[in-house]
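Me: I am new to this structure and would like a short tour. Could we look at it together?

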Amino acid sequence: MRWKRIEKIQAKMKELDLDGFLVTSKENRQYLTGFTGTFGWVLVTQSNVYLMTDFRYIEQAQQQARGCKLVRFQHHTPVVTLRMLMEELEVITLGIESDRMTVDEFELLANQVRRKAITPLKGFVDQIRRVKDEEEIALLARAEEISDQALAHVLPMIKPGMTEREIAMELEFQMRRLGASGVSFETIVASGKRSSMPHGVATDKKVEIGDFITMDFGCVYQGYCSDITRTIALGKVDEKQETVYNLVRKAQEDALQAIKAGVTGSEIQAVAQNVFQDAGYGSFFGHGLGHSVGLEIHEEPRFSPKADEVIPENTVITVEPGLYLPNWGGVRIEDLVVVKKDGCINLTHSPKELIIL
Ligand SMILES: [Mn+2]
């Protein structure tokens, strides 16, 4: 049980006059209870936390969700079980995760619970998840370390003729070997001209001498995601490749220097954008500079041109500038950092000088 997190939910419920808050999403369920099973609903009230799940997960829930009251879905459907529990607890007003529920689930719920008693809430738990606690930062650091170690292991294996898919598989295998439960998103390995596609997932293309190879990958470790990108060259580079690489590296370095609690996401975006602009490459960077990472790979807050909110201390966020020149290639470098009062702590330790294998 994560009491500090639950207390924050209960305080927000009080403000909105909610007797209960229903959690239906996997990540928020784990965040509030510790339970990692794929099926279960959580009902938070002012006095208790109820975890409803089925036969398959009872034993796991007992072990993981200590302090929760367990309710087994048995003779009734989940919505009927919930309605009965709400009656028993005299829960009248109910908040739900409007951004994590299907229309079908909502209709089923509204058939059981008076529609007027339901308050759809967007990002209710996510708002709290923006700032990571110590335990979360430790898990994110380990997840990122696993990715660092996998890259160090795989770099010496990369040879001309190896396919992008083979490189991706090696990275994924090493991360699993080091304790990851899986990948946090589909591994991107984009080489040669394909590296101009920011999200070019690995194909059967063979890597060749003179290619840039962009590897963007991450793992899930105890529920927490990692995210790293490195671009390396194979055999040799020409002058233009070196210029583009150094620009991306400078943009990232300047952004890293500027990050601290209290700045806005758009300010940091502008730092990187200005480096590219000044060099005449402004139009080749077209995505956000970074996103927060936690139980999900893409969380708020972000670095983007539209992000006007300030970044709070203990946000864990990526810094990933890139340049993409169509029909030529591209470079991206991505680190994961913890935002602090007067700077940031980099969780990524893979080298950033241009590696030519
Ligand atoms: Mn990323």
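Me: Which protein donors hold the manganese ion?
Reply: The protein donors of the manganese ion are D227 (OD), H291 (NE2), E320 (OE) and E334 (OE), lying 2.1 to 2.3 Å from it. Donors are N, O and S atoms within 2.8 Å of the metal (3.2 Å for Na, K and Ca); water is not among the atoms, so sites may look incomplete.

Me: What kind of model is this?
Reply: This is a predicted model: local features need pLDDT of at least 70, side-chain atom pairs count only at pLDDT 80 or more, and totals for chains, interfaces and linings use all residues. Residues are numbered from 1 along each chain as its sequence is written, and side-chain values use heavy atoms, with hydrogens and water left out.

Me: How are the donor residues of the manganese ion spaced in sequence?
Reply: Their spacing is D-x63-H-x28-E-x13-E. The pair D227 and H291 links distant parts of the chain, 64 residues apart. D227 is in the loop between β11 (224–225) and β12 (228–233), whereas H291 is in strand β13 (residues 290–292). Helices (H or I, at least four residues) and strands (E, at least two) are DSSP runs, numbered from the N terminus.

Me: Is D227 buried or exposed?
Reply: D227 is buried, with a relative accessible area of 3%. H291 also counts as buried, because its relative accessibility is 6%. Buried means under 20% relative accessible area, exposed over 50%, and partly exposed in between (1.4 Å probe, protein chains only).

Me: You mentioned β11. Which strands form a sheet with β11?
Reply: Three strands form an open sheet in the order β7-β10-β11, with antiparallel pairing. β7 (182–183) and β11 stand at the edges, each with a single partner strand, so one side of each is left without a neighbour in the sheet. Two strands pair if DSSP finds at least two bridges between them. β7 is joined by two bridges to strand β10 (residues 219–221), and G182 stands opposite V220 in β10.

Me: What about β18: how many of its residues are buried?
Reply: Five of the six residues of strand β18 (residues 335–340) are buried, which leaves the strand mostly covered. Strand β15 (residues 316–319) pairs with β18 in the antiparallel sense over four bridges, and T318 stands opposite L336 in β18.

Me: And what lies on from there, with β19?
Reply: β18 and strand β19 (residues 343–346) also pair in the antiparallel sense over four bridges. The two form a hairpin with two residues between them, and the bridge partner of V337 in β19 is N346.

Me: Changing topic, how many residues has the largest nonpolar core?
Reply: The largest nonpolar core has 60 residues, and those with the most contacts inside it are I9, F21, V44, I158, I167, I213 and M215. Helix α7 (residues 134–154) gives the most to this core, with eight residues. The core draws at least three residues from each of domain 1 (3–129) and domain 2 (134–346). A nonpolar core is a set of buried Ala, Val, Leu, Ile, Met, Phe, Trp, Tyr and Cys residues joined through side-chain atoms within 4.5 Å; domain bounds come from an automatic or database domain assignment.
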